[in-house]
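Open the structure in a viewer and keep the selection tool at hand. The tour below goes from one selection to the next.

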Amino acid sequence: MKTLHENKEEQEGGSGCSAMEDKENNLKTARLWRDAALRSRKLRSNLRQLTLCSKDNQIILPEDIADIEVLNLGNNSLQELPDGLGSTLNNLRILVLRRNKFSAVPRVVFELGQLVELDMSHNCLRSVSEGVGQLRGLKKLCISHNKIQQLPAQIAALQLLEELDISFNDLHDLPRAFCSLGRLRTLDADHNKLNQFPPEILALGELEELDCSGNKFEALPADVMKLQSTKILWLSSLHMSTLPDSFCQLQQLESLMLDGNKLTALPPAFGRLQRLKMINLSSNELEAFPQVLLSIAGLEELYLSRNKLSHIPEDMGRLGKLANLWLDNNSITYLPDSIVELEKLEELVLQGNQIAILPDNFGKLSKVNIWKVKDNPLIQPPYEVCMKGIPYIAAYQKELALSQLAVKPRLKLVLMGMKGAGKTRLRQSVVGGQQDAMGTQGNKGIEVTNWVADAGRRLTFLVYDLSGKQNYDLIKPFFLSPAALYVLVVNLKTYSPKNFYAHVGYFLHLLSAKVPHAVVCLVGTHADLCGEVEVEEKSLDVHRQIGLQEKRDVQSLRTLALQVDQALEQGYSVRSSSPHVLFYGVSDRNLRRRKSQLQYMLNHRLQILSPVLSVSCTETQTNIQRLREKLMSVADHRDIFPNLHRVLPKSWQMLEELHFKPKDLWLSWWDSARLGLQAGLTEDRLQSALSYLHESGKLLYFEDSLTLKEYVFHNLPRFIAILNVFFQRDESTLLDRLLCEGERGDKGRVSLVIEDEKGENLRVTHLQHHVEGFLQHGLLPSNVIRLLLRPLIQTQQDLHLIMELLEKMGVCYCINKPRSKPLNGATAWYKFPSYVSSEEPRAEVAEAAAGGSSLPLCPFFSMEQLHIQYSFPFLFPPGLFARFSVQINCHVVQRTDSRHQIFAYRGKVPVVISHRPSRGKLQAETLSIASHASLPNIWTAWQAVTPLVEELNVLLQEWPGLHYSVHILCSKCLKRGSSSPHAFPGELLSQPRPEGLTEVICPKNGSERVNVALVYPPTPTVVSPCLK
Ligand SMILES: Nc1nc2c(ncn2[C@@H]2O[C@H](COP(=O)(O)OP(=O)(O)O)[C@@H](O)[C@H]2O)c(=O)[nH]1
Ligand SMILES: [Mg+2]
């Protein structure tokens, strides 16, 4: 039997990957382990037990051990047994020698005539000697995870044997005599080199559980039906392409694992397996749903992930007992209506298919608690609704039934490109006379305009003009959302092949990291200033270099994918024993996840519409009409923008319209509910409508925030105008805003003193000082913010809510607010980390940071460093460091920030977060989280680092197409001051420390040993840092 841990690490067979593996493992573990545990508990409860650990690789036996019945010497690196074991242990029933270094079964073991259980798994056995035949009382024998090539015939003497685990060895066949093990009930023979299904097994009439997965044979014998007692059968990863007809006579079968084969169909009589409760057919080559399964009425779990199914039968509803249905990663286009009749369903996994529409009455599936549907082109219900879960889908479908239908195509159009590319001018040209500027900021910052492109068809574009200035880097990504059309604007006059990356390449990298599948249209402006040939040549060059960049990116992703494949082929045992390999110690599961993530990035590339359309935004307006037509025709493509023409409940549509009208900054929940009533939505139906409007970017409504859920931020243009105030980064504009008295402002009359709300006087010099403080250190007090934002905000409550919202978005944080308590009258100070400009931490901190170097220097040599490094080879997400600065604020104290570094404490443990911008093309940009402690206290450093790592992982989930990797730098190398410390794979952070492992090897400095506690955290992080 295997421990839970081993199952996780080593039993995953087959190719591909998904959460399915966890399932399989858990399932097998649960079943096998439960029985084993029951049996041994019964047996052991009355026994005298002794567990011994070695000291300096020596076991010292206590004196009086003659009565011992259970002896556990596992995990001791033993090569031989301590003297005097055999003769004294006359009562020994159970002997555990797992995870040692025995190269043969010690002779004395064979003298233990009373032995009932023997566990020699995870050793270095190459064979089992004949002596094993002497252990005639043995009921349970485990010799898995060795290197055994052959079993001795004498094993047949173990006539009482009930459980045998010979998995993970090098067996090519079984001895003839094996067939006389008549009492055997459980046999694990998986992951060996069996060339054929061993005929000896067929003679085992009592066999209930059999695992033959991961062997070399590719077919079952016709007389497989002799396994008449078998209830649980594992035949994973065998490359079988068919099952013999006789297979259908295994009528006791309850659980059947057939994943990772090459099956294209099941035999016609398969329906005879009426006791089957669970069948796993994942990772096969099924193109048609195996119809015979529908006749097995008792089926509770059906796994069909990673096949080639396109159709699910109409009468699926017949499987009324089904609790788990996994259909992910197929090509299914729609689900049968009867699927909602599967009312016992608890797990429904559909991700990675082609499903656009869900059947009605999804509310019936109320028991479903595992629901995965991402990576489907869902339009009905809208994707945003589907992602939120079954209750939301049910509410939507109810709404659709209650309300009339409405279509109102409105597409988000995003203009990107360098400063001076001509975005704003282009927008003005395209939108033309009917310009209705929703932004109030004039020509600064991010602006939103409504462009009614075709009144007849009511086609509207919501045009976002993203400033090209770097100041806006932090907030720009918020506006890059799926289901928008992107226009990348290039100034053809200033473009030259040498600055391709700045003009074009960078923006494509940025977009593909955030919205991997986005549709991009390229527009070249300033054509009037270029000659015809110049336009032609530059357009072609843009085109050519986009192709090159794409080719390079794909190539490096492919190379990585290949490396992962190779590491997988090596197998976990090789990877975990050789520190030189690329994915040292990384579990199969983590590797497979990594692979599927790379595959995702390879499958989801930007859709770039060529060629570059050149325009002039001067009076001639050359090609502007063509551009308009192009945008409209792209929008009309149902394949590209399926969402655009979807039908929504009219009440939702109306709710959206009604929310656009009020000019206030926010609405209370009750205001919103009143609008809901006007639209015909009762209060109980409002929540899901608002949540849809939030998810689809129409307004902001945070249902998961205690304070914010009482409010609806419906006025996006005004909110964007507020963001623009904070990010324009211009001293005189800021001062102007402060000095003019809001709407009443009359700059000619600027007084020297401005009264703030509390009647306190703020002198002009004061304000100047604040503006400087803001631009250099990102600090502003709330009373100044209030002045700054007039007239966009008016009341104290406006200010309070806006600041709360900005904190939620990770734009700033309050530095003096007692956690979760209101400030008692004191002025709140806010920190905007993206404004921190000083390169060095300030003086008082430099001391603490040991000279402000890039790492916490170890003041004592006994200190060990933990250093987790994230590297970003293509693109460092703009604003990531600033947003991370905000997110960690609730975890740290006494922080000091400089432009690229934060020094802080978690409790008493120091942490340093450093951002290292790339210093050359070949060097990746990095972000590191580091801490230190003495070795015995290293867990405190892990405690300091882990929550920050998890925060960063959460932030990185916003970038589904981003390529990055995570490493744990070798503490020994760091201590030596090495300039290129060895980097252990970051995946280890999410893996449990391997049982029995105390040290890992660092290959850098002549195979130095590093304590395992410096590489693996005490408890694994929730998600692997390298995964999304
Ligand atoms: N001659 C010419 N000038 C243009 C054209 N498009 C934009 N401009 C000018 O280029 C400058 C930058 O344009 P703007 O729209 O502000 O660029 P943005 O930073 O991308 O928004 C402005 O002075 C525009 O008037 C064009 O097609 N031809
Ligand atoms: Mg502009």
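This is a predicted model: local features need pLDDT of at least 70, side-chain atom pairs count only at pLDDT 80 or more; totals for chains, interfaces and linings use all residues.

How many of the eight residues of strand 34 (residues 909-916) are buried? Seven of the eight are buried, so strand 34 is largely enclosed by the rest of the structure.

**Both sides of strand 34**

Strand 33 and strand 34 pair in the antiparallel sense, over six bridges. To find one place where they face each other, pick Gln901, which stands opposite Ser914 in strand 34. Then go to the turn: the two strands form a hairpin with two residues between them. Gly907 sits in that turn and has a positive phi of about 60°.

Next select strand 35 (residues 925-934). Strand 35 is joined to strand 34 by six bridges, and these two strands run antiparallel. Pick Arg916 here; its bridge partner in strand 35 is Thr926.

**The cores**

Now select Tyr486, Val504, Phe726, Phe832, Tyr870 and Leu927. Within the largest nonpolar core, which has 141 residues, these touch the most other members. Helix 23 (residues 938-956) supplies the largest share of this core, ten residues.

Zoom in on Val504. Leaving aside residues up to four places away in sequence, Val504 touches Leu488, Val490, Tyr495, Leu522, Val542 and Ile546.

**Helix 5**

Ile393 is also one of the buried residues of helix 5, so select residues 390-402. Also buried in this helix are Ile390, Ala394, Tyr396, Gln397 and Glu399. What covers the buried residues of helix 5? Show strand 15 (370-372), helix 4 (383-388), strand 23 (648-649), helix 13 (650-660) and helix 15 (683-695), which are among the elements that do.

At 1.5 Å a residue, the 13 residues of helix 5 should span 18 Å. The C-alpha atoms at its ends are 18 Å apart, which agrees.

**A loop to finish**

Last, select Lys817, in the loop between strand 29 (813-814) and strand 30 (829-831). Lys817 has a relative accessible area of 32%, so it counts as partly exposed.

Terms used:
Residues are numbered from 1 along each chain as its sequence is written. Chains are lettered from A and ligands numbered from 1 in the order in which they are written. Side-chain values use heavy atoms; hydrogens and water are left out. Helices (H or I, at least four residues) and strands (E, at least two) are DSSP runs, numbered from the N terminus. The expected span of a helix is 1.5 Å times one less than its number of residues. Buried means under 20% relative accessible area, exposed over 50%, partly exposed in between (1.4 Å probe, protein chains only). Contact means heavy atoms within 4.5 Å. A nonpolar core is a set of buried Ala, Val, Leu, Ile, Met, Phe, Trp, Tyr and Cys residues joined through side-chain atoms within 4.5 Å. Two strands pair if DSSP finds at least two bridges between them.
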